[in-house]
Structures are given as structure tokens and as C-alpha cells.
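Subject: Structure for you to look at

Hello,

Here is the structure I promised to pass on. Please open it first, then read my notes below.

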Amino acid sequence: MGFFSRIFGRGEPSSRDVAKDRLQLVLVHDRIRIPPSQMAAMKDELLAVVSRYFDVDSDGVAITFTQSSRMNRLVAEVPVFGNPRHSADR
């Protein structure tokens, strides 16, 4: 699925694209050797920090790793609701 198609919401990704994304995710996780329990703990900690400042959709959180020749990258997508919380809310 192309970049603009994803941005403008045109159509669902094909099963080929979904399978490709899943395989890439599995390969990257295998290369960086982070056990699933550690990934779950990291997700919980990130969610706890972000939820201090925003109302979050914990079911929609996605954490991924990408790898290039120079570096690894951790990407956390955390859906948030509304405006940031004020210091009195914390």
C-alpha cells in the first residue's frame, strides 16, 4: 500500500502487505533479541509515562523496532485523547 493511500485512508492493506509487515517485525525482533516479556514490560512503562500527561488508548499502542545499516530505531505509537493534562490533574 502506498504512502498517500495510507494517509488518505483509501482502502485496506492487502493480505500481502500485512504479511510482509508482520514478517519484517518478526525478523527485526529476532535480530535485536529482546524477549517478549521485556517488550511487554517496556510497553507498560512507556504507557505509564505517557498516561501521566494524556488520556491514552492502551489497546491501540504499537511498539516496533526498525533497523538500518547504521542504527536501530524504537517507534512507539500511542493513541491519545484530547489535550494534555494539566499539572493539577496529575
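Ala62 is partly exposed, with a relative accessible area of 31%. The scale runs as follows: buried means under 20% relative accessible area, exposed means over 50%, and partly exposed lies in between (1.4 Å probe, protein chains only). Ala62 sits in strand S2. It touches Val75, Ala76 and Glu77, leaving out residues up to four places away in sequence. A contact here means heavy atoms within 4.5 Å. Lys43 is 19 residues from Ala62 along the chain, and their C-alpha atoms are separated by 8.3 Å.

**How to read the model**

This is a predicted model, where local features need pLDDT of at least 70, side-chain atom pairs count only at pLDDT 80 or more, and totals for chains, interfaces and linings use all residues. Residues are numbered from 1 along each chain as its sequence is written, and side-chain values use heavy atoms, with hydrogens and water left out.

pLDDT is the predictor's confidence in each residue, from 0 to 100. The chain has a mean pLDDT of 77, and 76% of its residues reach 70 or more. Where is confidence lowest, and where is it highest? It is lowest in helix H1 (residues 3–8), at a mean of 56. It is highest in strand S1 (residues 55–56), at 90.

**The overall layout**

The chain has 3 helices and 4 strands. Their order along the sequence is α-α-α-β-β-β-β. Helices (H or I, at least four residues) and strands (E, at least two) are DSSP runs, numbered from the N terminus. Buried residues make up 11% of the 90 residues. Take the contacts with a separation of 6 or more: 49% of them join residues 24 or more positions apart.

**The hairpin**

S2 (residues 62–67) and S3 (residues 72–77) pair in the antiparallel sense over 6 bridges. Two strands pair if DSSP finds at least two bridges between them. The two form a hairpin, with 4 residues between them. Which residues of S3 stand opposite Gln67 and Thr66? Gln67 faces Asn72, and Thr66 faces Arg73.

**The core**

The largest nonpolar core has 6 residues: Ile34, Met39, Leu47, Val61, Ile63 and Phe65. Helix H3 (36–51) and S2 each supply at least two residues of this core. A nonpolar core is a set of buried Ala, Val, Leu, Ile, Met, Phe, Trp, Tyr and Cys residues joined through side-chain atoms within 4.5 Å.

**The salt bridge**

How many salt bridges are there? The count comes to 1. The rule asks for a side-chain nitrogen of Lys or Arg within 4 Å of a carboxyl oxygen of Asp or Glu. Here the side chains of Arg16 and Asp17 meet, at 3.6 Å from N to O. Asp17 is buried, with a relative accessible area of 15%. Arg16 is exposed, at 62%.

Best wishes
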